[in-house]
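Morning, everyone. I have one structure to go through today, so let me put it up.

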Amino acid sequence: MTDMADTARHKGSLLVQDARTVKRNRAEARFKMYGIAAITIGMLMLAILLVTIIGRGAGAFQQTFITLDVPLLEDKLDKNGNRDLADIKKVSTFGYAPLMRTAFEEKVAAIGIETKLSGKDMANLLSKDAAATLRDFVLSDPSQIGQTVSFTFLAQSRVDGYLKDRVDRDNIANDKNISAEQLDLVDALIEAGSIEKKFNLSFITGADASDARPEAAGMGVSMIGSFFMMLVVLALALPIGVAASIYLEEFAPKNWITDIIEVNISNLAAVPSIVFGILGLAVFINYMHLPNSAPLVGGLVLTLMTLPTIIISTRASLKSVPPSIRDAALGVGASKMQSVFHHVLPLAAPGILTGTIIGLAQALGETAPLLLIGMVGFIASNPPDSIAEGLMSPNSAMPAQIYEWAKRADPAFYERAWGGIIILLVFLITMNAIAVLLRRRFERRW
Amino acid sequence: MSLTKLTASALTVAVFTASTAAARDQVQVAGSSTVLPYASIVAEAFGENFDFPTPVVESGGSSAGLKRFCEGVGENTIDIANASRQIKPAEVEVCAANGVSDIIEVRIGYDGIVFASDINGNAFEFTPVDWYRALSDKIVVDGAVVDNPYTTWDQVNPDFPAQPIQAFVPGTKHGTREVFEDQVILAGCEESGDFEVMKVALDDDKKAAEKACIALRTDGKSVDIDGDYTETLARIESNKDGIGVFGLAFYENNTNKLQVATMSGVVPSTESIAEGTYPVSRPLFFYIKKAHIGVIPGLQEFAEFFVADEIAGPDGPLAEYGLVSDPELSDTQDVVAEQKTIGTGS
């Protein structure tokens, strides 16, 4: 109990809270604190995640390049001298190695760098990809044989690591891919402006590369694989899912059969994705004889996985359309189907689209089912020429590519895995942002 | 609506024409994760230099790869299985039962198995006996077979530092595990004389004694890694006392994080393995389904390219990456060229 002296100290309200109110208010304040703490922890984790991802992955978008003038010697590339493409093709990428050595020796002599390195050791600074670049160039334009052409080649991963501070002189003692003398040469070439680090577009557009040349690996082809899978998912899951939900929600009688169906759809949504992978392997590949590693199969598997998500969100948005709309439509003489397709479905469309986009985003980030249908591995195919080829020829997917890189031995792949995560996140954020925008723009509240 | 209809029908048509017309035109490879880097290097070079598409190489372990290989013949099965060990008679039988009767075995070279720990940790000079004493489930102390009592390395061998025993060894689906068991644990068991004691204890049963030797302890001192070497590396980075089992090529790509232990006094390197002085090495193989040659375009060419001198020879890109090239490579080239299958004298 409070007496008059106590109340006199109050400057504001004269209301005196009793002990229980004080307790309740404290409980509320405590709950708010918990809430704020929970959000703060969440935001902090997100910040740590983003900082780690960007910090580790940003380097993948930059690559070290070496500029060289390569003499395309006729006696090495076209011994017959008749510029016959079939003859030139017989020179494999290994046949181009001497050109690189000569080019490097000339370059070092021209700049006037003193080095004890042999031509082979110097050429080792270049990526193994350089020979392939050179060969492609010569095959596409044989008339250049005999000329000296300036090329910008990728540098090998250790040189790239040196410019990105991943490799330093202290820890290369046991490294047989790079030596201190080679790093001296790299320093001299940086001085001369022949080695520089710049934006690497081929990381975004290129194909995977083998363990011998991490610097040449890119996400592009797996992005196309993901794109075709999403196309299949969209083309199948959206119509099937929407049709199923409309029937279940608007037409189907409510009895125990539909109840069982409903429970099973909810269950399917919770089934681990690897199960769909096993199913896909058994049905699509072993029984239906669709090809291994094809985005079509990946898309079919992901369709199975996405269907329940789409059905559940579609039914929810159909349910949220008030019955008065249906009644009004039926009242003016529309058939049941007309009322659904002319009135209910357009009103539910924003919710359906949102659910579909979120389902697609989920499918885009899925790796586990792809493991079993052969889409995880070294798949360095060329970008497909047609839709059919895109669906049927082997390809990987973005998350599978990231997983694959994270497994590989060379630390340069690790950086690329993080870089791949950045690209994947950009896609996911874009898709989710579109979903939010659509909802904001078109959603009607009743 | 008509646009959606158009897209949908176009897609259906595309799918059907593709599935009827498309015979698989690229080689499919799966198997050992140790062979994967080599196979992908070859696949990449093959795609560059030939008009065939780049083969698809999946990993998953030798046993998993051979299992898929033996599933049958046909376009939806793989053409080549990579393995870091030889195919077992039981697997050949499974293959034969599923119609995969003609298998060509190709040995591409040798690979060393190394023991490595954190770069800033203690240095070790192991012998097989040390590993057997540290990791086997049962060992012999004072003439009696007991559960492995050791917890630190100095108890195993007084020359070692008092570092807790923590080993990361490849899981049983890896071919590397078998080599580790045969050439390290079993060799150590025999060398230490424990093998004889165990044999006597087990009623002179040699097989049972071998099994008892290579059974690893399950009290958490030895951890099976079912993933790839990157997982082993990550375990060592988080547990500085850990010692992991790696392939030589993996170690050589991560020399700034790992220090390698000697085995019986020999430092592992491509040279010491080629000379035969480093004791823990094994051949790497790939297996070709003969029935697919001529059906899958480029299969024969890919196999020949794989074992060509410019690829698998001592100066080729595989040796550069860490493969110890096979001194009898020309024999292997003959096997591929003449398509000699297992059992017909290869």
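**Strands around S3 of chain B**

In chain B, strand S13 (residues 281-289) runs antiparallel to S3(B), and four bridges join the two. This is a predicted model: local features need pLDDT of at least 70, side-chain atom pairs count only at pLDDT 80 or more, and totals for chains, interfaces and linings use all residues. Residues are numbered from 1 along each chain as its sequence is written, with chains lettered from A and ligands numbered from 1 in the order in which they are written.

Strands here are DSSP E runs of at least two residues, and helices are H or I runs of at least four, numbered from the N terminus. Two strands pair if DSSP finds at least two bridges between them.

Back to S3(B). B:Asn82 has B:Phe286 in S13(B) as its bridge partner. S3(B) also pairs with strand S1 (residues 28-31) of chain B, in the parallel sense over three bridges, and there B:Ile80 stands opposite B:Val29. Which way do the residues of S3(B) point? B:Ile80 and B:Asn82 go one way, B:Ala81 and B:Ala83 the other, and all are buried, meaning 20 or more other C-beta atoms, placed from the backbone, within 10 Å of their own.

Now the contact between chains. On chain B, 41 residues are in contact with 40 residues of chain A, contact being C-beta atoms, placed from the backbone, within 7 Å. H2(B) gives the largest share of chain B's side, 10 residues.

Last, chain A has an open sheet of three strands in the order S2-S1-S3, paired antiparallel.

Technical notes
Contact = placed C-beta atoms within 7 Å. Buried ≥ 20, exposed ≤ 12 C-beta atoms within 10 Å, placed from the backbone.
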